[in-house]
Amino acid sequence: MTKTLEVDGLRKRYADVDALEGVSLTVPEGAFFWLLGPNGAGKTTFINILVGLVRASGGSTRVFGHDVEDDYRRARDRIGLAPQEFNVDRFFDP
Ligand SMILES: Nc1ncnc2c1ncn2[C@@H]1O[C@H](COP(=O)(O)OP(=O)(O)O)[C@@H](O)[C@H]1O
Ligand SMILES: [Mg+2]
C-alpha cells in the first residue's frame, strides 16, 4: 500500500545550524498526523522540504511514493498547503 509519507535520514544544515539531524518516519495512507515541537525544532524546515521550498542536505523524502526532488512535480501535485507565512501564489501554475 502506498504511504503518504516516507522520510528516511532527512538532514538539513543551514550555515552553522543543524535544523534536521536524520529524521525518519512513515505515515500510512489515510492517517492523520501532527508535527509537534518547540520553536526551532525544525517543523517549518521539514514542511518546506516536503513542498520544495527548501532543499534537504541529505536523506530522502517521498510523498505518495514520489521523491520530492527527483519526482517533484508528482509529489507537489499531491500536496495541499495552507501556509502560515508564505504567499500561496507559488503553489499555482502560472
Ligand atoms: N533560512 C534559515 N537560515 C538559517 N537558519 C535557519 C533558517 N531557517 C531555520 N533556521 C534554523 O533552523 C532551526 C529550525 O528552524 P525551523 O524549521 O523554523 O523550526 P520550527 O518551525 O520548529 O520553529 C532553528 O535553529 C532556526 O533558527
Ligand atoms: Mg515554524
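## Burial and overall layout

Buried residues account for 16% of the 94 residues in the chain. A residue is called buried when 20 or more other C-beta atoms lie within 10 Å of its own, exposed when there are 12 or fewer, and partly exposed in between, with C-beta atoms placed from the backbone. This is a predicted model, in which local features need pLDDT of at least 70 and side-chain atom pairs count only at pLDDT 80 or more, while totals for chains, interfaces and linings use all residues. Residues are numbered from 1 along each chain as its sequence is written, and chains are lettered from A and ligands numbered from 1 in the order in which they are written.

The chain has two helices and four strands, in the order β-β-α-β-β-α from the N terminus. Helices (H or I, at least four residues) and strands (E, at least two) are DSSP runs, numbered from the N terminus. Of the contacts between residues at least 6 apart in sequence, 46% join residues at least 24 apart; a contact here is a pair of residues whose C-beta atoms, placed from the backbone, lie within 7 Å.

## The nonpolar core

The largest nonpolar core consists of 11 residues: Val7, Leu10, Ala19, Leu20, Phe46, Ile49, Leu50, Ala56, Val63, Val68 and Ala75. Strand S1 (3-14), strand S2 (17-28) and helix H1 (43-51) are the elements that give it two or more residues. H1 provides the largest share, three residues. Such a core is a set of buried Ala, Val, Leu, Ile, Met, Phe, Trp, Tyr and Cys residues joined through C-beta atoms within 7 Å.

Phenylalanine 46 sits in helix H1 and counts as buried because it has 21 C-beta neighbours inside 10 Å. Setting aside residues up to four places away in sequence, phenylalanine 46 touches Leu20, Val23 and Leu35. Leucine 10 is 36 residues from phenylalanine 46 in sequence, and the two are 8.6 Å apart in space, C-alpha to C-alpha. Apart from neighbours within four places in sequence, leucine 10 is in contact with Leu20, Gly22, Val23, Ile49, Ala56, Gly59 and Thr61.

S1 and S2 run antiparallel and are joined by nine bridges. Strands are taken to pair if DSSP finds at least two bridges between them. In this pairing, arginine 11 stands opposite glutamate 21 in S2.

The hairpin has two residues between the strands. Alanine 15 lies in this loop, and its phi is near 40 degrees, a positive value in a residue other than glycine. Alanine 15 is exposed because 4 other C-beta atoms lie within 10 Å.

With 16 C-beta neighbours inside 10 Å, phenylalanine 64 counts as partly exposed.

## The shell around ligand 1

Ligand 1 is surrounded by Tyr14, Ala15, Val17, Ala19, Gly37, Asn39, Gly40, Ala41, Gly42, Lys43, Thr44 and Thr45. A residue is near a molecule or strand if its C-beta atom, placed from the backbone, lies within 6 Å of it. S2 and H1 each supply at least two residues of this shell, and H1 gives the most, three.

By class, the shell has five nonpolar, six polar and one charged residues. Ala, Val, Leu, Ile, Met, Phe, Trp, Tyr, Cys and Pro count as nonpolar, Asp, Glu, Lys and Arg as charged, and the others, Gly among them, as polar.

Terms used. Two residues are in contact if their C-beta atoms, placed from the backbone, lie within 7 Å.
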